[in-house]
Amino acid sequence: MNGTGSTRTLARVSAVRTIAQDIVELTLVAQGGRFAPYEAGAHVRLHLGDGLERSYSLCGEPADGSRYVIAVRLEPASRGGSAAVHRLRAGDTLALSGPFNLFPVDWSEPCLVLLAGGIGITPVYAMALEAARRGHPFELHYFVRSHEHAAYADELRRLGLTAATQLHVGLDPVAVRAQVEAIVRRMHGGEGLYVCGPRPMIELAREVAGGTLAPGRIHWESFGGGEAAAAAAGAADSDSEQPADTPFEIRLASGEGPFEVPAGQSALQVLLAAGIDVPHSCREGECGMCVVDVVEGVPEHHDHFLSDAVRAGNGCMALCVSRARTASIVVDF
Ligand code: FES
């Protein structure tokens, strides 16, 4: 992972453009210097004022360190994050932290099979650009509701990457499953499968590919945006958090606490409010940044990041969504 949870950089919005229906692309430049370098799959956390923070994948050329590019879909039920980004204009300044990379590419894999659903194209587009730059074999499958919702379709065409790109437009869930099964069937086992999209799409890809590919060959990052309607039944809004209603007590192995985690609040919220700098990003149990070791007590898992085997071991938990089955839990990080 690059970057830290607490270091902030001041950025200026140098350009804003609409790249698809409800999706704007922002180009950010560092105020007084250059941004930290990043690799395809990385994201940054924007600090949007009043404590509002949201994470967005970097979707430009990773090799171009002079700017960061993000693309953000306006969520219909946004609690403020995507709406605040859509209000930004060229010349505005904001703070950001990162880059972080929880979705890195394993370039030892002989071919990348990239699956994107809706706004999940953003890290996948960066991977495709980088693969093309390196001359690394890849194929990109992009599932969208309509041509109007397809971000970066023109760029992929202009860059001559259409031979490696297949657009799947307006498919229903049955057709999405059939396509994903067909894609996985063509894989021989050595390739890496990279999936970014709404949660149901991730789960579908993991289920379909699970019997064919070794676990280390399946890489995913989830966006709850729900745009890939065909695959998105039941997807949560990316601005949402898991409901939480079981009170418990949390202590740190370093001796801090106990802290009471009441109904309706996450352990992450409680620890941040107590001034403890817990690395975090999505706050939805998706990214894994807030996962900590459990040294005492039994967690109640609500994340979508840890594997079933790791969850069953109860040796770690995601503080943003998971709770405790025991009255008290002790964590270490
Ligand atoms: S902040 Fe992303 S899993 Fe907790």
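Guide: Start with a term. A crossing is right-handed if the near helix is turned clockwise from the far one by less than a right angle, and left-handed if it is turned anticlockwise. Helix 4 passes helix 5 in a right-handed crossing. The model is predicted.

Now the geometry. Two packed helices are described by the angle between their axes and the distance between the axes. Helix 4 covers residues 173-185, and helix 5 covers residues 199-210. Their axes lie 10 Å apart, at an angle of about 40°.

Helix 4 brings Val176, Arg177, Val180, Glu181 and Val184. Helix 5 brings Leu204, Ala205, Glu207, Val208 and Ala209. Seven residues of this contact are nonpolar, three are charged and none is polar.

Alanine 131 lies in helix 2, residues 121-134. Its relative accessibility is 0%, so alanine 131 counts as buried. Leaving aside residues up to four places away in sequence, alanine 131 touches Trp107, Leu112, His136 and Phe138. Cysteine 111 is 20 residues from alanine 131 in sequence, and 9.2 Å away from C-alpha to C-alpha.

Now the strands. Strand 3 spans residues 43-47, and five of its five residues are buried. His43, Arg45 and His47 are on one side, Val44 and Leu46 on the other, and both faces are covered. Strand 3 runs antiparallel to strand 4, residues 53-57, and five bridges join them. The two form a hairpin with five residues between them. Glycine 49, in the turn, has a positive phi of about 95°. Strand 3 also pairs with strand 6, residues 93-100, in the antiparallel sense over four bridges. Histidine 43 ties this picture together. It stands opposite serine 57 in strand 4, and histidine 43 also stands opposite phenylalanine 100 in strand 6.

Five strands form an open sheet in the order 13-12-18-14-16, with mixed pairing. Its edges are strand 13 (259-261) and strand 16 (316-318), and each pairs on one side only. Neighbouring strands here are turned by 40° against each other on average, direction ignored. Strand 12, residues 248-252, pairs with strand 18, residues 328-332, in the parallel sense over four bridges. Glutamate 249 stands opposite serine 328 in strand 18.

Methods:
Residues are numbered from 1 along each chain as its sequence is written. This is a predicted model: local features need pLDDT of at least 70, side-chain atom pairs count only at pLDDT 80 or more; totals for chains, interfaces and linings use all residues. Side-chain values use heavy atoms; hydrogens and water are left out. Axes are lines fitted to C-alpha atoms, for helices over the stretch in contact, and angles run from 0 to 180 degrees between N-to-C directions. Contact means heavy atoms within 4.5 Å. Ala, Val, Leu, Ile, Met, Phe, Trp, Tyr, Cys and Pro count as nonpolar, Asp, Glu, Lys and Arg as charged, and the others, Gly among them, as polar. Two strands pair if DSSP finds at least two bridges between them. Buried means under 20% relative accessible area, exposed over 50%, partly exposed in between (1.4 Å probe, protein chains only).
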